Each structure stands twice: as structure tokens, then as C-alpha cells.
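Colleague: I would like to learn how to read charged side chains in a model. Please take me through one case at a time.

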Amino acid sequence: MTRPYIPTRAADPHGLIWCKTRPRHLAGGGDPRRITQTLRAAGWHNLSDPDFPHVVLASPDRRHSLVLEPQPGPYGRWWHIRGQHEQRSCYSEFGANTPVEILGALTDALLEPVPEHTEDVWSQLTAAGWRYQRDEHGNEDASHPDGHLHLRRFNDEALGSHWLVEATTERHERVWTGWLEDRVPAHLLAAFAKALASDEPVQRARADVPRLHLVTQEERGPQAEQLAAEHAARLKAVRAAARKSRRAAAQSTPAVPAAASAPRPAARR
């Protein structure tokens, strides 16, 4: 039977006019497949219930998981990431309007080996012109030059130290928020901070942003065919890297010697 045509956002990026959108942190969520298909290309397992509106993915070793689950209300946390790092669990969550290019930097880092050197979060932000301050309680705060984006680390011994990232309007209304446990590994935080500090535009459909007056959109740059080709190339590269990693892991695993045959009992005479 021929599949009927049913209009859905899953048909993106075709049929829309795409615009370079700045600043990226106010551009809205974008296409979640930037994250979900990348993880699946890396070998993550799809554990979703097809009859429930969510996506549930787990890493091949089951140490990490991602849940994309729509929540009602403007402040609902849609993205949930859990992981195990050196016998420690960690958790983070993000709102629906978190740009996938920013959150994807964190999930991409889950697929890479832990680097020998990790850049300091605050140094990356201040190098990009962010204003940094620290209070007498050890709480730290960095603000984007436009005043709409903040990253804070709360040093709370009672409730546990944690990170809060928040994008707001000029009236301090939330556009999106993210919350991360302080136990999130430093290299993941550094990758996330680097994406926060980037001033590269992102592609969004015309007027498909949370607050149109807070962004500028230019009708130029890559359109549907090029965007689809770039995404396909990304997935191809991720699959190749995953295969290479699996081969390296298999070669480094020592072969288990075959069990010695048990001596046969002597024949009775």
C-alpha cells in the first residue's frame, strides 16, 4: 500500500524558507534530529514506546541515556540526560527552546574520548566577552554581552552544587533554561560552554523562533537540499567513527584462551 502524505514537521527541512538566525541562543530549539539521529548513528539504542510521545535512547553500554519528552507549560523540561562517569552518576535537563546546536555540543562530547586537557568554562566565556563575577559564597555567574543569556554555578552544600543556564527576554521572561548537576564531567561542561560562547548563526525557518523581535533573520545561506546533505554527511561521519571505535575496542580486548580439555579417564581393563 502506498503511504499517504500526512503533513508533519518530520518532513523538514524541505518546503520551508531557511534563514541565518542570530543570536543562536534565542533562535529556538530547531530540529531535534540533530541530536537524536546523531546518537543513533553512533550506535545508541532506541528504547522508545511508539505509542507515547517521547524518544528514549541508551548508549550501547547502557551507561548513558537521553529522553526527549514534551512537557506542558512554557517552562517544561523536555530534554533529560543521565550518565555514569567513573562510578558517579550525573543528570542534566533542558527546556524545549534550548537550541539543538548548543545542547548537541554536549551530547556530541559523549561520543568522543575524554580529552587529556579540558578548557576552563569561565575562561572560554570571558574570552568571548562575557562578564564574570563571583560572590562571597562562592557562587559564580557569567553574562552574555547582550544580557539575554546567563550561566551560573551555585555552590550549595545543602542542596548540592549545580549549574543553571538561562536565556531570557529584556523583561527577564524565560525563553529556555537548563540545569546540570555539578557532577557532570568537566569536558562535557567545557563543550557546552564553547557552544554557548559561539556567535555562529543557526538556520531556522522564517519566523519560527520563540521571540521574533529578539533575533535577526537573513534569507540567505544553506537551504533545504544543502541542509539535508550536511545532516546526512554528519551522520555518515558519526557512523564511521563509531565503527572505528568498535574495531579499536575489539582489537584491544585480550583473547580469552580456550579452556583446556579435561583429561580423559583411563580406560578400564
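**Reading the charges**

Modeller: Start with a pair in the interior: Asp108 and Arg34 are both buried. Keep in mind that this is a predicted model.

Colleague: What do the side chains of Asp108 and Arg34 form where they meet?

Modeller: The general idea is that side chains of opposite charge can pair when their charged atoms come close. Here Asp108 and Arg34 form a salt bridge, with 2.9 Å from N to O. Arg34 belongs to helix H1 (residues 33-41) and Asp108 to helix H2 (residues 100-109), so the pair ties together parts that are 74 residues apart in sequence.

Colleague: How many salt bridges does the structure hold?

Modeller: There are 17. One of them joins Asp141 to Arg152, at 2.7 Å from N to O. This pair links distant parts of the chain, 11 residues apart: Asp141 is in strand E8 (residues 140-143) and Arg152 in strand E9 (residues 149-154).

Colleague: Is Asp141 buried or exposed?

Modeller: Buried means under 20% relative accessible area. Asp141 is buried because its value is 10%. Arg152, at 21%, counts as partly exposed.

Colleague: Which residue forms a salt bridge with Asp12?

Modeller: Arg9 does, and the closest N and O atoms are 2.6 Å apart. Asp12 counts as buried because its relative accessibility is 12%, whereas Arg9 is exposed, with a relative accessible area of 52%.

Colleague: Which residues are linked in a network of salt bridges?

Modeller: The network is made up of Arg134, Glu140, Arg153 and Asp182.

Colleague: Now the surface. Which residues gather in a patch of positive charge?

Modeller: A patch takes residues with over 30% relative accessible area and no salt bridge. In this model, Lys236, Arg239, Arg243, Lys244, Arg246 and Arg247 form such a positive patch on the surface. Take Lys244 as an example: this residue is found in helix H5 (residues 224-252) and counts as exposed because its relative accessibility is 59%.

Colleague: Which backbone oxygen does the side chain of Thr98 reach?

Modeller: That of Gly95, at 2.8 Å. The cut-off for a polar contact is 3.5 Å between N or O atoms.

Note on methods: Residues numbered from 1 in each chain as written. Predicted model: local features only at pLDDT ≥ 70, side-chain atom pairs only at ≥ 80, totals over all residues. Heavy atoms only, no water. Patch = residues over 30% accessible without salt bridge, like charges linked within 9 Å, V, L, I, M, F, W, Y side chains within 5 Å. Areas by Shrake-Rupley, 256 points an atom, 1.4 Å probe, with all protein chains shown as cover. Salt bridge = Lys/Arg side-chain N within 4 Å of Asp/Glu carboxyl O. Lys, Arg positive; Asp, Glu negative; His and termini not counted. Charge placed at Lys NZ, Arg CZ, Asp CG, Glu CD. Helix = DSSP H or I, 4+ residues; strand = E, 2+ residues; numbered from the N terminus. Buried < 20%, exposed > 50% of the residue type's maximum accessible area, 1.4 Å probe, protein only. Polar contact = N/O pair within 3.5 Å; in protein donor to acceptor, adjacent residues only side chain to side chain.
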